[in-house]
Amino acid sequence: MKTLVRSREFWLAVIIAVMIVATNFRSPGFASPGNLASIFNDTAILLILALGQMTVILTRSIDLSMASNLALTGMIVALINAAYPAIPVPALMVLAAFCGVVLGAFNGALVWLLGIPAIVVTLGTLTIYRGLIFLIAGGQWVNADAMSSSFVQLTRTDLLGLPLLSWYAIVVAAGFFLLMTRTSVGRSIYAIGVNPTASIYAGIDVGRTKFVAFCLSGMLSGFCGYLWVSRYVIGSVEVAKGYELTIVAACVIGGISIAGGVGTVVGAVLGALFLGVINSALPVINISPFWQMAISGAAIILAVVLNARGEKRGGRVILRQAESAS
Amino acid sequence: MTLPLPIPKITLSGITKTFPGVRALHEVGLELYPGEVTALIGENGAGKSTLVKTMTGIYQPDAGEIRIDSLPVELPSPHAAFRLGITAIHQETVLFDELSVAENIFLGHAPKTRFKTVDWRGMRERAGKLLGEIGAGHIAPDERLKDLSIANKHLVAVARALSVDADIVIMDEPTAALSFKEIQDLFELIEILKKNGKAILFISHKFDEIYRIADRYTVFRDGAMVGKGLIKDTNQNEVVRLMVGRSVDHVFPKKSVEIGEEILTVAGYCHPTEFADINFTLHKGEILGFYGLVGAGRSELMQALFGITKPSKGAVKIAGEIAVIRSPAEAVEKGIVYVPEERGKQGVIVDLPIFQNISLPSLDRTSQNGFLKLVEEFALAREYAARLDLRAASLDQNAGTLSGGNQQKVVIAKWLATQPRVIILDEPTKGIDIGSKAAVHAFMGELAANGLAVIMISSELPEIMGMSDRIVVMREGRIAAVLENNEELKAEALVRAAAGIGEEAA
């Protein structure tokens with residue numbers, strides 16, 4: 001219990017709850033289950049992407065190409081759906097994830113085999129992947145008329161009161177929770193983030209582990225490519241432009257340390273929900289979109305400050321009474 | 001004697017410095033004379049670096065007095081020492097790689113213009129002049145420091161010393177990273193400094209250098225001054241005897257173990273820059289000590305055996321089978337594990353819980369299809385923590401909360417959990433308290449008794465002589481001697497082999 005209260009995830013959850021309750025005073029109905037479900041559904045894609053970004057950031061890297069990967073993959077599946085409506089949509093979802101893995105693996109391979117810093121590699125692929133969309137689509141849009149109805153419906157269909165899109169986010173979050181806490185891959189990702197040198201000495205291949213992290217973030221980006229195109233019923237060069245920074249913001253707010261090694265799945269989920277709640281709450285209480293951006297920005301800086309303070313420790317345990325107390 | 005006695009430039013007397021649990025210096029004295037080089041000699045841990053840190057204002061002595069030109073002085077900070085004309089040149093020069101040579105020389109006391117801005121032109125001119133004076137005219141004041149060789153960086157450090165008219169120059173193992181030619185150049189520079197009346201303290205493990213350059217010597221042992229005099233009145237064996245001093249007792253609990261079959265054979269092992277022609281064998285139940293000066297290539301050899309660096313040629317056989325080791329993971333798989341010297345950086349992961357540290361290299365065994373079996377993982381951690389008598393409130397707490405000795409136990413536990421055949425311990429008791437030290441020693445004896453083959457790198461004579469069955473002495477990347485450790489083996493023999501002093505000098 002004590003550790004729960006002390007954790008940053010707990011306080012983030014409290015802040016989100018306070019925001020919801022406060023907004024509810026100004027605009028009754030904001031905290032109704034239906035509205036909360038719709039906020040969650042609006043945040044589902046950001047949530048999934050934040051989990052992918054988290055795995056990469058934990059390894060002391062960053063994936064700036066996620067939004068471009070998403071847009072490119074989204075365009076690919078949209079074009080395929082338009083051209084061959086007979087191909088079942090679940091197959092397209094698998095294909096989207098696979099395309100994402102390929103694009104992520106390209107990032108990961110450059111980081112692993114050539115030792116180029118991740119920020120440089122993904123800054124490059126951010127532009128490359130975005131440019132590829134133009135090449136394959138010839139500057140065309142794919143809009144609602146071209147998509148099959150099941151392509152559009154597979155994010156909207158209701159299951160136990162929630163749209164499928166929300167369920168995808170829940171399943172991915174649960175899966176990543178298991179991955180990060182209960183598998184040797186997850187353990188290695190944390191280990192190389194906290195101390196790469198000691199990890200090498202412990203027999204962990206640091207480069208390969210980073211590669212795996214990039215494949216995971218690529219897979220989620222690709223999967224979200226389908227989700228995005230299906231949900232907003234549009235495939236274009238402009239899809240999710242600039243969104244990579246929102247994803248990083250969600251991670252930072254969720255307490256994932258940019259220095260690597262520190263952060264949890266729960267934190268990433270809450271970080272995304274925080275942004276989701278702010279984005280829904282501010283229009284409701286009549287705050288202009290410009291203030292919305294400023295407030296999101298302030299939240300990021302505040303989160304970093306709080307996390308930095310949280311990481312300052314009370315020094316080493318040398319005294320005997322302190323040792324028995326801990 | 002009709003000549004007047006020379007007057008020391010700086011005199012340290014009765015300097016005592018205590019750290020929690022360790023008395024690093026006990027009433028030591030040292031004098032440096034203008035125009036002379038004094039060599040400070042002693043084993044690792046004799047207190048040489050503590051003394052240097054006291055002289056440069058990094059440490060404050062608990063007792064004692066420092067006089068410069070017969071006047072008592074206080075050195076409350078490195079800056080104060082610098083202002084009083086004391087400057088130190090370290091093995092790894094501490095300068096700023098991204099700044100220019102001139103900026104490095106004048107950092108903190110740059111010449112100023114009338115408007116209190118930095119006088120860049122004057123600074124470059126003066127830097128060029130200073131470099132010329134010490135025969136380093138080939139270094140351009142505008143060059144980035146990072147583009148210079150280590151030898152040239154030393155020259156910049158010397159120019160920096162001269163830029164404030166430092167009269168006392170401390171050189172802490174300045175030759176450790178230099179080539180033969182560069183060492184000769186450095187000695188010429190020291191001669192110039194001597195002519196300019198500088199008082200020089202020269203710290204080196206290499207006897208040929210000391211005899212080449214020094215006028216006086218002072219020997220430290222276990223934090224005390226045990227001898228001093230003029231170099232010309234002594235010989236190398238005399239100095240080695242002072243350094244080692246005691247007959248080293250076999251006080252450690254190395255049990256007499258039946259030495260078993262050969263488990264590790266290293267033949268013709270070479271690395272392009274770090275070591276060459278390494279041949280040795282290791283047997284079950286044996287503790288093989290590796291002795292040598294710091295920088296003799298012992299750790300580098302072990303890192304190659306562990307797959308961290310790549311050897312250029314040579315063969316490794318494990319239990320008679322050729323083993324190709326390209327990564328630490330392959331080494332662990334073949335049964336070789338390595339407990340590195342830098343515990344905090346390479347050994348424990350301080351921000352992970354103890355149990356995760358212990359299980360990290362054994363995750364294959366505590367997981368199924370990639371999924372961790374937490375119960376088994378915890379059981380494994382508990383088993384090995386208990387075997388090593390690890391003192392921790394809970395295995396869930398972060399390893400960083402433990403004392404140095406207990407952190408070392410975590411690292412050893414982690415490797416034992418992989419059930420290795422060969423364990424390499426690199427300075428296993430460096431920087432840990434006496435109690436944990438004894439525990440680590442006892443445990444090493446037990447490991448050998450259980451049939452494990454142990455390689456122990458140590459720079460401490462009592463440890464190496466107390467624990468080892470045989471001792472490999474390395475010098476400058478090569479094996480200088482392999483000695484049976486028995487009652488007849490004298491510590492002097494090890495020191496001589498490590499420092500390259502031939503028997504015929506005796």
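Predicted model: local features only at pLDDT ≥ 70, side-chain atom pairs only at ≥ 80, totals over all residues.
**The interface**

Begin by displaying chain A and chain B together and selecting the residues that touch across the boundary, where 21 residues of chain A are in contact with 36 residues of chain B. The two chains bury about 2300 Å² between them, and 60% of that area is on carbon and sulfur atoms. Next, pick out A:Arg182, A:Arg187 and A:Tyr201, which together supply 34% of the area that chain A buries against chain B, more than any other three residues.

The rule finds one salt bridge across the interface of chain A and chain B, while the residue pairs in polar contact between the chains, counted where both are at pLDDT 80 or more, number six. To see which elements of chain A face chain B, colour helix H8 (164-182), helix H9 (184-194) and helix H10 (196-201), the elements that give two or more residues to that side of chain A. Of the side of chain A that touches chain B, H10(A) provides the largest share, with five residues.

**Salt bridges within chain B**

Select B:Glu31 and B:Lys228, whose side chains meet in a salt bridge at 2.9 Å, N to O. This pair links distant parts of the chain, with B:Glu31 in strand S2 (residues 22-32) and B:Lys228 in strand S10 (residues 224-230) of chain B, 197 residues apart. Is B:Glu31 buried or exposed? B:Glu31 counts as buried because its relative accessible area is 19%, under the 20% limit, whereas B:Lys228, with 44%, is partly exposed.

Move on to B:Asp277 and B:Arg478, which form a salt bridge whose closest N and O atoms are 2.7 Å apart. B:Asp277 lies in the loop between strand S11 (262-270) and strand S12 (278-283) of chain B, and B:Arg478 lies in strand S22 (residues 478-484) of chain B, so this pair ties together parts that are 201 residues apart in sequence. B:Asp277 is partly exposed at 44% relative accessible area, and B:Arg478 is partly exposed, also with 44%. Then select B:Lys9, B:Asp69, B:Asp167 and B:Lys198, which are joined into one network by salt bridges that share partners.

Return to chain A and select A:Lys241 and A:Glu238, whose side chains meet in a salt bridge at 3.9 Å, N to O. A:Lys241 is exposed, with a relative accessible area of 52%, and A:Glu238, at 49% relative accessibility, counts as partly exposed.

For the last stop, show the surface of A:Leu79, A:Ile128, A:Leu132, A:Leu135 and A:Ile136, which form a nonpolar patch with about 430 Å² of accessible area together. Which helix gives the most to the nonpolar patch? Helix H6 (residues 118-137) of chain A does, with four residues. A:Leu79, by contrast, is found in helix H4 (residues 66-83) of chain A, and at 31% relative accessibility A:Leu79 counts as partly exposed.

Definitions and conventions
Residues numbered from 1 in each chain as written. Chains lettered and ligands numbered in written order. Heavy atoms only, no water. Patch = residues over 30% accessible without salt bridge, like charges linked within 9 Å, V, L, I, M, F, W, Y side chains within 5 Å. Areas by Shrake-Rupley, 256 points an atom, 1.4 Å probe, with all protein chains shown as cover. Salt bridge = Lys/Arg side-chain N within 4 Å of Asp/Glu carboxyl O. Buried < 20%, exposed > 50% of the residue type's maximum accessible area, 1.4 Å probe, protein only. Contact = heavy atoms within 4.5 Å. Buried area = accessible area lost by both parts, 1.4 Å probe. Polar contact = N/O pair within 3.5 Å; in protein donor to acceptor, adjacent residues only side chain to side chain.
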